[in-house]
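Dear colleague,

I am passing on the structure we spoke about, together with some notes on its contacts. Please look it over before reading what follows.

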Number of protein chains: 2
Amino acid sequence: MTTLAIVGFGKIARDQHLPALSASDRFDLIAVASRHSSLDGVDNYPDIDTLLTEQPALEAVSLCTPPQGRYQQALAAIEAGRHVMLEKPPGITLSEVEDLARRAQRAGVTLFTSWHARAAAGVEPARDWLAERHIRKVDIEWREDVRHWHPGQQWIWEPGGLGVFDPGINALSIVTHMLPQPFFLSEATLEVPENCQSPIAARLNFTDALQTPIHADFDWRQTGPQTWRITVVTDDGTLVLDDGGSRLTIGDDLKLDGEDVEYAGLYRRFAELIERGESEVDITPFRHVADAFMLARRQRVEAFIE
Amino acid sequence: MTTLAIVGFGKIARDQHLPALSASDRFDLIAVASRHSSLDGVDNYPDIDTLLTEQPALEAVSLCTPPQGRYQQALAAIEAGRHVMLEKPPGITLSEVEDLARRAQRAGVTLFTSWHARAAAGVEPARDWLAERHIRKVDIEWREDVRHWHPGQQWIWEPGGLGVFDPGINALSIVTHMLPQPFFLSEATLEVPENCQSPIAARLNFTDALQTPIHADFDWRQTGPQTWRITVVTDDGTLVLDDGGSRLTIGDDLKLDGEDVEYAGLYRRFAELIERGESEVDITPFRHVADAFMLARRQRVEAFIE
């Protein structure tokens, strides 16, 4: 068992990381570092520096803090010789993540930039099936109700908060892993509420070397049923990956309507990487977001009042 | 001599590439592909596809077209087995440049993402001097008059045109090469005219693992004397790289007040890379620009009327 501490004990840590770690036979959760929260039955610290000093036998940390400030925490852990798993997005800039990757390699520790949506049950089977097909068209619909999923979270509208790309990057993490060809943005529109810095909606047109049309529609204004769907039209029928990746249909066959296995999968992967002495630093989804901010046309839309 | 064609025969090709190639003993300029222009004494073609078909013995192309559309041209050249040099910025997205890098490697041709400012006379001596000093503070001032340098160029204000980062990326290309440590953005403000998509000014705060303050001030509204200056305060005196990199002062000593050697240097480097069978694809300056677009706070400022 690898000893592990969670840093940042907010909603995602409680809802997802804690149950996954409780069920894991690879990690032993021995501590939590959090400014405002604590967990019974483990050692608790106010911040990562105290944690690293007081727990010399600690082998790994999982950073669940907001991305602003993540770099300094990851740097401290890497320089103290601990393995690091980063929640998504792995930072606030691509450049700082590149720097962490170099430092982890030099320090001989594992750095894992996790993308939880990639570990959804339908993603690997979809990837395998698509590997042998000719892809004609990809349609990504990621539409949800921000008021439901991010109540009171003002930081999502601030610089670095990414706005609708906070969920949208989940779709991008799936598609970049699932499609056999790399692709890249050709045109984009961001809708930014006039009282916010970050977009509430994005329409993205990607393509690849074969000029395959890949369209993404991210929207945070959808009430009622929520949509997290990727549709891939191929020369051999249509694949639909729905419910964020857990439901897979190919043609008329429902192949899979799976349970939520994402965080269990992430920690399994983290354990594997540590065992092999490797890192996995894939910034591809984050790079697409940066490309979108750089290339997009911006439209001001009505103020967002929560 | 390597046979070479220029693709896109606009201002930068005439002013810089042509003289550098005329003086080069490594390249033989045999053709130009340009929709609207032509050059006496070489073969002329309307576009790159015709050029590649009609000139089977052509070994290398230098792409001087605007970055929008550069990917398809570079792809065509790479797949036709030609070496490719890209003007800066190397594309409209980081992702497409990554894709070109992979494809060039697979095709066994040289891809060179050129950064002309890096080839300025003072950059290498500054880099050498800084390598052995402790850096306390970096100040980048890049302020020029857009009306003078980009008359009538509406594309610079459009998505993908980068606005003030069009000159600013020159400063970033120098600093990323010259400083011994990688650095990354922590905070930024972009000033965007209310009738434009791209910023007319940017204030950027970078830092590195040692928490060195690195500040950049890009502004396109400066009339009168123009400023292209990088000041590095070290424990052993202050280095000033001025006039875009051609004038170097360390402490009170004027070390260098050089002539313009940038494009001669770029073609010398391209020739070396071809000879060694290597590529040089450095997206670091462009990644900082994407980071800035992603992380910055935007302020609307008065309309830009040329």
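The side chains of A:Lys88 and A:Asp166 come together in a salt bridge, with an N to O distance of 3.9 Å, and between domain 1 and domain 2 of chain A the count of such bridges is one. Please bear in mind, here and below, that this is a predicted model.

As for the domains themselves, the assignment for chain A places domain 1 at 2-113, whereas domain 2 is made up of 120-257 + 290-301. Taken over C-alpha atoms, the centres of domain 1 and domain 2 of chain A are separated by 28 Å. Where these two domains of chain A meet, four residues of domain 1 are in contact with nine residues of domain 2, and the area buried between them is about 550 Å², with carbon and sulfur atoms giving 61% of that area. On the side of domain 1 of chain A, the residues that lose the most area to domain 2 are A:Gln68, A:Lys88 and A:Pro89, which together account for 65% of what that side buries; A:Lys88 is also the residue that meets A:Asp166 in the salt bridge.

Turning to the interface between the chains, 38 residues from chain A and 38 residues from chain B take part in the contact, and chain A and chain B bury about 3400 Å² between them, of which 57% lies on carbon and sulfur atoms. Of the area that chain A buries against chain B, 19% is supplied by A:Phe184, A:Arg287 and A:Met294, which is more than any other three residues supply.

Four salt bridges are found across the interface of chain A and chain B, one of them joining A:Glu98 to B:Arg287, with the closest N and O atoms 3.8 Å apart. Across this interface there are also 14 residue pairs in polar contact. The elements of chain A that give two or more residues to the side touching chain B are α3 (70-79), α4 (94-107), β8 (183-193), α9 (284-295) and β15 (297-301), and among these α9(A) gives the most, with nine residues. By residue type, the side of chain A that touches chain B divides into 18 nonpolar, nine polar and 11 charged residues.

With best regards

Notes. Residues numbered from 1 in each chain as written. Chains lettered and ligands numbered in written order. Predicted model: local features only at pLDDT ≥ 70, side-chain atom pairs only at ≥ 80, totals over all residues. Heavy atoms only, no water. Domains from an automatic or database assignment. Contact = heavy atoms within 4.5 Å. Buried area = accessible area lost by both parts, 1.4 Å probe. Polar contact = N/O pair within 3.5 Å; in protein donor to acceptor, adjacent residues only side chain to side chain. Helix = DSSP H or I, 4+ residues; strand = E, 2+ residues; numbered from the N terminus. Nonpolar A, V, L, I, M, F, W, Y, C, P; charged D, E, K, R; others polar.
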